[in-house]
Amino acid sequence: MEAEEQDLMDAYSEAVTGAADRVSPSVVRVTTVSRTEKRTLGGGSGLIYTENGHIITNSHVVHGAERIDVTLNTGEEYRATVVGDDPHTDIAVLKIEPQDELRTPEFADSSRVRVGQLALAIGNPFGFQFTVTAGVVSATGRSLRTMTGRLVDGVIQTDAALNPGNSGGPLVDFRGRVLGINTALIRPAQGLCFAIPSNTVREVADKLIEDGKIRRAHLGVACQNMVLKPDTVEKLKLDSDRGVMVVSLSGGPAGDAGVMRGDIIVSLDSEPVETVDDLHRILNEEKIGRECELHIIRGSEICKIRVKPSELQ
């Protein structure tokens, strides 16, 4: 029995070290500095996104900084510029000019993340070069309020220990694939740590690199992912057993149109809404000010509601 336990521990250790080895070359230290006082103000971690020097970090790590320095895993230091900053999702993209091509990580599909799966948080807490902590995914589909007051939905909760300096670093699975970007922890609580899901991160980062900013439509709702009961799917002749449930309204277009707390959104303009990521993806800038049709489940019936999304400020 002891030999079997040792084999399990050895396999676990090899999985952790293997994943860390695969992703560590892509994790960087981000330091914000005051030009006038020549002193470090703060910082966090970052993740290399493109071979030519785009780096993902948290908006709150770099927002308003006068100077940003990036230190690679090799010890090389570079001055960084902000390509785009999206406080609504707490994601920012930096750019450095590296001498050589940088190593980028593999991203996982965050919609396939499951509660209980193993996860690693990697970063530079308190300015140290590199740390790894292991845990499990405690929950998915959480909502987290960013510094703008907007709720980011679909957030991954983990018990992998995070420190303030881990902000902007990756949460990865045991294959070294990025599940999300570590964004915050609740200080009074124990074991409550969060990451922006990888699908949201990639969508935001690509848009910031392309346009430098993001225009969004919004409905004024906060939602969470939901699995529908089989008899509901059968009765309503739905194509999927998934939707997103409205957990709160902020007095925006959806509330004005008659959407209520507890409604389950299953499509928007005939596009299926199975996850919060789907809803965010569909509510792009083309939807701003254009009347759309929501299909919702209310009680045991399907309802159609006309709503005109406004621009998220």
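User: Why does the span of helix 3 agree with its number of residues?

Analyst: In this predicted model, helix 3 covers residues 198–211, which is 14 residues. Helices here are DSSP runs of H or I with at least four residues, strands are runs of E with at least two, and both are numbered from the N terminus. Gly 212, with a positive phi near 80 degrees, follows helix 3.

User: What makes the buried residues of helix 3 line one face?

Analyst: The buried residues are Ser 198, Thr 200, Val 201, Val 204, Ala 205 and Leu 208. Seen down the axis, they fall within an arc of 150 degrees, so they line one face of helix 3. The arc is taken from the directions that run from the helix axis to the C-beta atoms. An α-helix has 3.6 residues a turn, so residues three or four places apart point the same way.

User: Why is Thr 200 called buried?

Analyst: Buried means under 20% relative accessible area, exposed means over 50%, and partly exposed is in between (1.4 Å probe, protein chains only). Thr 200 has 8%, so Thr 200 is buried. Thr 200 touches Thr 89 and Asp 277, not counting residues up to four places away in sequence; a contact means heavy atoms within 4.5 Å.

User: Is Thr 275 counted as buried or exposed, and where does Thr 275 lie?

Analyst: Thr 275 has 17% relative accessibility, so Thr 275 counts as buried. Thr 275 lies in the loop between strand 17 (271–272) and helix 6 (276–282). Leaving aside neighbours within four places in sequence, Thr 275 is in contact with Asn 225 and Val 244.

User: How many aromatic pairs are there, and why is the pair of Tyr 12 and Phe 174 called tilted?

Analyst: There are two aromatic pairs. Rings of Phe, Tyr and Trp (its six-membered ring) pair if their centres lie within 6.5 Å; planes under 30 degrees apart are stacked, over 60 edge-to-face, and the rest tilted. The ring centres of Tyr 12 and Phe 174 are 6.0 Å apart and the planes are at 40 degrees, so this pair is tilted. Tyr 12 is in helix 1 (residues 2–23) and Phe 174 in the loop between strand 10 (170–172) and strand 11 (178–185), so the pair ties together parts 162 residues apart in sequence. Tyr 12, at 34%, counts as partly exposed, whereas Phe 174, at 16%, is buried.

User: What makes the pair of Tyr 49 and Phe 107 edge-to-face?

Analyst: The planes of Tyr 49 and Phe 107 are at 85 degrees and the centres 5.8 Å apart, so the pair is edge-to-face. Tyr 49 is buried at 13%, and Phe 107 is buried at 13%.

User: Which residues touch the most other members of the largest nonpolar core?

Analyst: Ile 56, Ile 91, Phe 107 and Val 201 do, in a core of 25 residues. A nonpolar core is a set of buried Ala, Val, Leu, Ile, Met, Phe, Trp, Tyr and Cys residues joined through side-chain atoms within 4.5 Å. Helix 3 gives the largest share of this core, four residues.

User: How are residues numbered, and which cut-offs apply to the model?

Analyst: Numbering starts from 1 along each chain as its sequence is written, and side-chain values use heavy atoms, without hydrogens and water. Local features need pLDDT of at least 70 and side-chain atom pairs count only at pLDDT 80 or more, while totals for chains, interfaces and linings use all residues.

Terms used. The expected span of a helix is 1.5 Å times one less than its number of residues.
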